[in-house]
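Morning, everyone. Please look at the structure on the screen while I go through a few points.

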Amino acid sequence: MLFLDNLGIRNMKKSDADLLQGTLDLLILKTLALESMHGYGVSLRIQQMSKNVLRVQQGSLYPALYRLEQQGLIAYEWGVSENGHKAKYYSLTKAGQRRLKDETASWDRLSSAVMRILQTT
Amino acid sequence: MLWRTLINLRFRELFRRKRFEKEMDDELRFHLESMIKSNIQAGMTPKEAQRAARLAFGGVDQIKDDCRDTRWMHWLDEFWQDLRYALRMLSRNPLSALITVVLIAATIGLLCAAYAVLDAVVLRTLPVPHPEQLVVINPTAQIDSSIYDVLQRERQNISQIFGLKSLRLFGSAAGITRSFSIYGIKGDYFGAVGAVPQLGRFLAADEHDAVAIISDRLWRNEFAGAPDILGRNMKLGLSEVTIVGVAHRDFIAVEEPYLEWDAIVPSDIFCRALGIKRMPLQIVARLKVGKKAEEYEAQLNSLWPALLQATVPPNMTLKQWGEGIGPRAQVVSISHGINYVLTMQPSIPLAIYMIFGLSILIFLSGCLALVLLAIARSIKYQSQTAIMLAIGGGRWRVQRPFVLEILILSGMGCAIGLAMAWWWSGLGNSFLPDSQSQFINWHVRIDGQVIKLALLMTMFFVGIVSWVTLIFGFGSISSRILQSGNSASRPNVRLRTGMLTLQVAISVLLIQCALSFISTYSRLLHIPLGFDSENLHI
């Protein structure tokens, strides 16, 4: 299991940290594109979608959510969770949808390029 | 629109800080409770579930701090924390703060006052278009108007020429009789200096009527700024003149910029007011574009002997005439105001430069004293700084309160220093007798340039002290400082004591110098003249 941990980000070089942070942002945007959900839900959904390969620590998740909100890419409203508690539900804004589209395309290009290199015999 | 969303967000942040904190609490609590519930569903006891969730969740305060750091206004919160910390440090060391403020204020005040005098007397150019083109002919001589008549025809090197003469005359205006500072002019004075009137008109080049232009000061003081001033009469010596214009407040006499004038009249009226036939003049010319004072001087010297010969009065010999006016022509630039007068008195600019140099030395001494103070303080706080760094504080974050502290002290010192400079800059006129001081204005002022200099010095203080703090407060930070305790810090205590002693010694010396300076001023002001100067006029 890979931990997207903020301590890891702190201790690594800035370029690596940027890459990891960008990846986490992309994962959060993608998760919220499917439906609005609270932070705990985002964390579970990433874990489920990655089939337990990726696990987002709270120390990385919440700063990332607040950062994306600051950038106007996601918005929130308070609602009631499935177990009846008050919860903060995040959803993607139009700017967030555009950013997700751009970042997905960029990620596709990058991963395809890396894959092509790795498959070269 | 993204920008509208962002502006709304920033605006809400400013006023909903408590709500932000509460929402963050609620959100993190919800997350933790959801994890506990999930653990219980997985078969753990409530106690185990809670423990496991807390372990997995990590430090809540750290997460909160990271979330706060993402906010646009987190710097405001940090600034407020730093400010409170800096103020706490200041309140713990009031004596050190007082010495620092006094040092900064004294050095800034002294250097700014010295610069203001240097600027007024030596550096500042006349407030007229292209002041570098203005020259005066034989500045120490009073030239007869007959010579002016010849010179104003010789226009190879000059575009405009005028003559003027100042004198104090008794007269009356608005029912008040007193001594007035009057200028008599010949030629296109106002055109040559590019001035426009505040009210009415200026005098024409060939004006012969009994009219006068009055200064803004006279208009406001004697006529209470009356809007119907034009057409009113005033008496000057033997003449009665009609006021036809009011000059702007910043209009100064180019040849004597330190003189507070009251009225300007045509030369004919000036002579009539004095009861004389011919008026000796100070002649000022404006050089043509590209022409130099030396070229004009060479031209005048080529015709000077013939000029003297042609204008010598019947009751004088050529030698006497030449001695009075000058055996040869001398053309001097007046672009820098009274600086040309000082070329005749080189000891005055020398004294001003020396005072300025002395002020720079005192400024450097002040810097040295501040540096020593900063070193002593850095050493004192070394252990505290080491602890802050050890628990994860960034260097800049730890140093910020120190920078803010010196910024506050320097800001206070700068404000007090500027007030001192303003007070000192007015001392120049204190040396003049009362009868003179109303006519003399050296225009020494605390203007934008002086304020810029003060701010520059302030930033220099902040920069140098911050640098010293960084070097001495952070440079030698190591685990040794945290581990060694008193035994390792003993040499630093000795060094700190030595630094403080040296710093106090320099401060005492500087304050003693400043007090001696002020007491010398004070003694000069009260030197008995040996006669009663009351109501005495020259």
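Is Lys51(A) buried or exposed? Keep in mind that this is a predicted model. Lys51(A) has 7 other C-beta atoms within 10 Å. The cut-off for exposed is 12 or fewer, so Lys51(A) is exposed.

Where do you find Lys51(A) in chain A? Look in the loop between α3 (39-49) and β2 (54-56). The backbone there is worth a look too. Lys51(A) has a phi near 55 degrees, which is a positive value in a residue other than glycine.

Now to chain B. Ala224(B) is not a glycine either, and its phi is positive, about 50 degrees. That residue belongs to the loop between α9 (216-222) and β6 (233-236) of chain B. How many other C-beta atoms lie within 10 Å of Ala224(B)? The count is 9, and by the cut-off of 12 or fewer Ala224(B) is therefore exposed.

Last, the contact between the two chains. It takes 20 residues from chain A and 21 residues from chain B. On the chain B side, α1 (2-15), α2 (17-41) and α4 (60-69) each supply at least two residues that touch chain A. Which of the elements gives the most to that side? That is α2(B), with 8 residues.

What is that side of chain B made of, by class? Where chain B touches chain A, there are 8 nonpolar, 7 charged and 6 polar residues.

How values were computed
Residues numbered from 1 in each chain as written. Chains lettered and ligands numbered in written order. Predicted model: local features only at pLDDT ≥ 70, side-chain atom pairs only at ≥ 80, totals over all residues. Contact = placed C-beta atoms within 7 Å. Helix = DSSP H or I, 4+ residues; strand = E, 2+ residues; numbered from the N terminus. Nonpolar A, V, L, I, M, F, W, Y, C, P; charged D, E, K, R; others polar. Buried ≥ 20, exposed ≤ 12 C-beta atoms within 10 Å, placed from the backbone.
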